[in-house]
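Thanks, everyone. I will go through one model this morning, starting with the overall layout and then moving to a strand and a surface patch.

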Amino acid sequence: MDTVSDRRLVALLRRYGADEAERVGARIDPLLWNDVLAVQLAHRSVRKFLPEKVSESHLRAIVAAASSAASSSNLQLWSVIAVTDRERLGRIAELAGNQESVRNAPLLLVWVADLARAARLATRRGRDLVNAGYLESAVLGIVDTTLAAQNAALAAESLGLGTVFIGALRDHPTDLASELAMPDHSFAVVGLVVGRPDPAEYPEVKPRLGQDVVLHREQYGSGAEDGEEEGVAAYEDAIAQFYRGQGLPDSWSERVLGRFAAPGALGHREGLRQALLQRGFGFE
Ligand SMILES: Cc1cc2nc3c(=O)[nH]c(=O)nc-3n(C[C@H](O)[C@H](O)[C@H](O)COP(=O)(O)O)c2cc1C
């Protein structure tokens, strides 16, 4: 029988693997479940899409969800560029690690931290954007943009569409800005490919770290004493099976260290600071 607690257990099993799903499930009231949680827990990045277009009405609903995200002081420091032109997508794919999901995207949403609107306001009113060069201003824009993008992803998934974020849009920020005619004081934080998932290549949900690893109470835990090593070891077991199925190296810890402890791993993105400076952001 398909009861609420069955559906919730299946969602937790996919998200965490059996042991952690049991632990987490035991701490949630049996009736605590809803459609929003179901969509959130079922998230998986989709990289293969059917060729059908994303309709204008879907796009508008997705942007309404993005606009509904909280925004620091309601400054709304973001814009989104919807790209569907195949030649432009091909050029953007070349700037973003030649990813097929970008080249074949039914729709690519480029999420832009946008202080350019504030700059235009300042110009129109004869004022100077004297605080644009502070790191806080860049962070404001990037946080607002990211919250909007995640709301959009969730909305798309709630409508049966698939999504994948594209951080590789930050590989060549200057060239991308030219391709998209982006003004100074704007920066493409991340892309989001949206489309109808190809059922032949619909991915599984990827397990996440257990809650004892990510959830701290009152103060940040010490790591060692709080069982972080055991928690990470348990996660390695849960994720190894997933990665092996994808033909990927199966250690999550090595994945993290491959990014942060391997010189050169950031590739072009080592130059991000310089690119942001050129685009009118600052680090004061
Ligand atoms: C900011 C961000 C950037 C990402 N960039 C890429 C990317 O360039 N290419 C890609 O295939 N996936 C990208 N992803 C997807 C992640 O690889 C994916 O979310 C992660 O492996 C977890 O898998 P899941 O989304 O299926 O749960 C990105 C995700 C985020 C949040």
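**Domains, a strand and a patch**

The centres of domain 1 and domain 2, taken over C-alpha atoms, are separated by 29 Å. Domain 1 covers 4–42 + 204–250 and domain 2 covers 56–201 + 268–278, with bounds from an automatic or database domain assignment.

On provenance: this is a predicted model, where local features need pLDDT of at least 70, side-chain atom pairs count only at pLDDT 80 or more, and totals for chains, interfaces and linings use all residues. Residues are numbered from 1 along each chain as its sequence is written, and side-chain values use heavy atoms, with hydrogens and water left out.

Now strand β2, residues 107–114. Helices (H or I, at least four residues) and strands (E, at least two) are DSSP runs, numbered from the N terminus. Eight of the eight residues in β2 are buried, so the strand is largely enclosed by the rest of the structure. Buried means under 20% relative accessible area, exposed over 50%, partly exposed in between (1.4 Å probe, protein chains only). In a regular strand, side chains alternate between the two faces of the sheet. Here Leu107, Leu109, Trp111 and Ala113 lie on one side of β2, Leu108, Val110, Val112 and Asp114 on the other, and all are buried.

What does β2 pair with over six bridges? Strand β1 (residues 78–83), in the antiparallel sense; pairing requires at least two DSSP bridges between the strands. Valine 83 has leucine 108 as its bridge partner. Strand β4 (residues 186–195) also pairs with β2 in the antiparallel sense, over eight bridges, and there valine 112 stands opposite alanine 188.

Last, helix α8, residues 135–158. Valine 143 is in this helix and is partly exposed, at 43% relative accessible area.
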